[in-house]
Amino acid sequence: MALKEFLYKLTPPYLRHVHRAHKVYTKIAPELRNTEDKYQLALERSKAKINRGEKVSVAFLHMYATEIQDLNLFETMLRSPYFDPYFIVVPVLFGDQEHQAFNYKRTQKELTDKYGEARVLGGFDPQTGVCTDYTARFDLASTNTPYDGLTVEYFKSRYWSSKGIPVFYIPYFYMGLCRVTRENLQRVDFNFFWKVFVPNRYTKSLAREYMANRGKNLIVTGYPKLDSIPRINMHPHTRKRIIIAPHHLIGDGALDRGGFREYASFLQSIPPNYPGVDFIFRPHPQMFVTLKKYWSTKDIEDWLKQFVSNENVTYSTEGDYLELLADSDALIHDCGSFVAEYLYFNKPCAYIYRGGVDYEAMQLKLGMRCLDEYYPIKEEPDWSHFIENVVMEGKDPQKSHREKFAKKYIMINYPNATQAIYDSIVGEIRG
């Protein structure tokens, strides 16, 4: 064994990650410093605009209607004397052309219905496929996904930053729960964001270990997506409502934990067995797209048709799902962000464990702590126990501990995370 390899094995994991991050930083340092200098000039121009009584134009690059983490900030800026915000609907290069077209039209419609045509700009012409470069029009930008590979050049965050436009990012998922957080922090692009507003202190500590810039552009503000919970109009109901939300990572990859393929057949028996309960079927928007790799289109259509034919089943596909969560009585899922998001409501929640998955290796420490607050579903009888005993009979012994845990570790700055982000941006511009 070479001496270098031997010494590497003796090095504690933390120092290995820091060493790797330092090597990356050395490579990107000149470009990063140049980008930061451009950002500073842009912020000075924005400050001058505000001092002249003008507004700073902000582009919200929006790929998916379901990624709603920046809506509260958009609305706050819409009311602000300092900002002039617009959505830009971004084409997504995921799935087949039918899925791409459907997603674009859906995102555009939902945003337009809510904010009006004047506030929603089209990223490209669906008829010609021609994209529009909006960078010359805006002073600041936000993206609702960090994955530049999902879209075309004009809408990549690195493209906007190369033009000297400060790009901030509010994570579309609750960071700090699983390996996706760590892998995102190791992405080179994360260092080039002007600011990344993260939901908890644990994520900030991970950034010091894994990010090339040691997380200096990360700010702990809380999770703005759920700030609007207190403003949701509740709909009283007498029947119990249970959301069933399968994830899209249902393949055989290292991060795949969704078990829909394993429990799909059994799931058909749940609604008819509990006619007095209303079930809301809320799959991840990419779940059926992924399922096409394993099932035929006809099999998918037949399964869905049979499931929603039950009178006590509603199929939910809308983008903004917070009202759905607020109106529910319980959640059964194997998703990512829901692991933290549903804790805000302090209602019974069950997590579907997939056989053969090493959750200790997949989840981070905070994620495992969250899962401890869930009722585990590992076998078919666990479904009945949760539905009958915990939900229908109201035997929820974890309620008190779940509430204390969520308030201490998850609900940072709730319900004022949006205001914390807004204040941070204004502070940076006005000095």
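1. A helix here is a DSSP run of H or I with at least four residues, and helices are numbered from the N terminus. Pro271 is in one of them, α10, which covers residues 270–273. Keep in mind that this is a predicted model.

2. Start with the parts list. The chain has 19 helices and 13 strands. One of the helices is α2, residues 13–51. Among the strands is β10, residues 313–315.

3. Next, overall size. The C-alpha trace spans about 65 × 65 × 45 Å along its principal axes. Does the radius of gyration agree or disagree with that of a compact globule? It agrees, because a compact globule of 431 residues would have a value near 22 Å and the chain has 23 Å.

4. Of the 431 residues, 55% count as buried. The chain exposes about 19500 Å². Carbon and sulfur atoms supply 52% of that area.

5. How does the chain meet itself? Take the contacts between residues at least 6 apart in sequence. Of these, 76% join residues at least 24 apart.

6. Charges come next. The chain carries 56 positive and 52 negative side chains. The centres of the two sets lie 7 Å apart.

7. How many disulfides does the structure hold? The number is 0. A disulfide is a covalent bond between the sulfur atoms of two cysteines. Look at Cys349 as a case. Its closest cysteine sulfur is in Cys370, 9.5 Å away, and that is too far for a bond. The cut-off for a disulfide is 2.5 Å between the sulfur atoms. Cys370 is likewise in no disulfide, and the nearest cysteine sulfur to it is that of Cys349. Are these two cysteines buried or exposed? Cys349 counts as buried because its relative accessibility is 0%. Cys370 counts as buried too, also at 0%.

8. Go back to Pro271. Its relative accessible area is 1%, so it is buried. Which residues does Pro271 touch, beyond those up to four places away in sequence? They are Phe279, Phe307, Asn310, Asn312 and Val313. Phe307 is 36 residues from Pro271 along the chain, yet their C-alpha atoms are separated by 8.1 Å.

9. Where is Asn312 found? It is in the loop between α12 (297–308) and β10 (313–315). The cut-off for buried is under 20%. Leaving out residues up to four places away in sequence, Asn312 touches Arg239, Pro271, Tyr274, Pro275, Val277, Asp278 and Phe279.

10. Check two backbone angles. Arg214 has phi near 60°, a positive value in a residue other than glycine. Arg214 lies in the loop between α8 (201–210) and β7 (218–220). With 39% relative accessibility, Arg214 counts as partly exposed. Asn346 is not a glycine either, and its phi is positive, about 50°. Asn346 sits in the loop between α14 (338–341) and β12 (349–352). Asn346 counts as buried, at 12% relative accessibility.

11. One peptide bond also needs a look. The bond from Tyr414 to Pro415 is cis, with omega near 0°. Pro415 lies in the loop between α18 (399–410) and α19 (417–430).

12. Return to the loop between α8 and β7, where Lys216 lies. Is Lys216 buried or exposed? Lys216 counts as exposed, because its relative accessibility is 52% and the cut-off for exposed is over 50%. Apart from residues up to four places away in sequence, Lys216 touches Glu36 and Lys204. His62 is 154 residues from Lys216 in sequence, and the two are 25 Å apart in space, C-alpha to C-alpha.

13. Last, look along helix α2 (residues 13–51), where Leu41 is found. Leu41 is partly exposed, since its relative accessible area is 48%. Leu41 and Ile165 are 124 residues apart along the chain, and their C-alpha atoms are separated by 9.4 Å.

Methods
Residues numbered from 1 in each chain as written. Predicted model: local features only at pLDDT ≥ 70, side-chain atom pairs only at ≥ 80, totals over all residues. Heavy atoms only, no water. Rg over C-alpha atoms; globule rule 2.2 N^0.38 Å. Buried < 20%, exposed > 50% of the residue type's maximum accessible area, 1.4 Å probe, protein only. Contact = heavy atoms within 4.5 Å. Areas by Shrake-Rupley, 256 points an atom, 1.4 Å probe, with all protein chains shown as cover. Lys, Arg positive; Asp, Glu negative; His and termini not counted. Charge placed at Lys NZ, Arg CZ, Asp CG, Glu CD.
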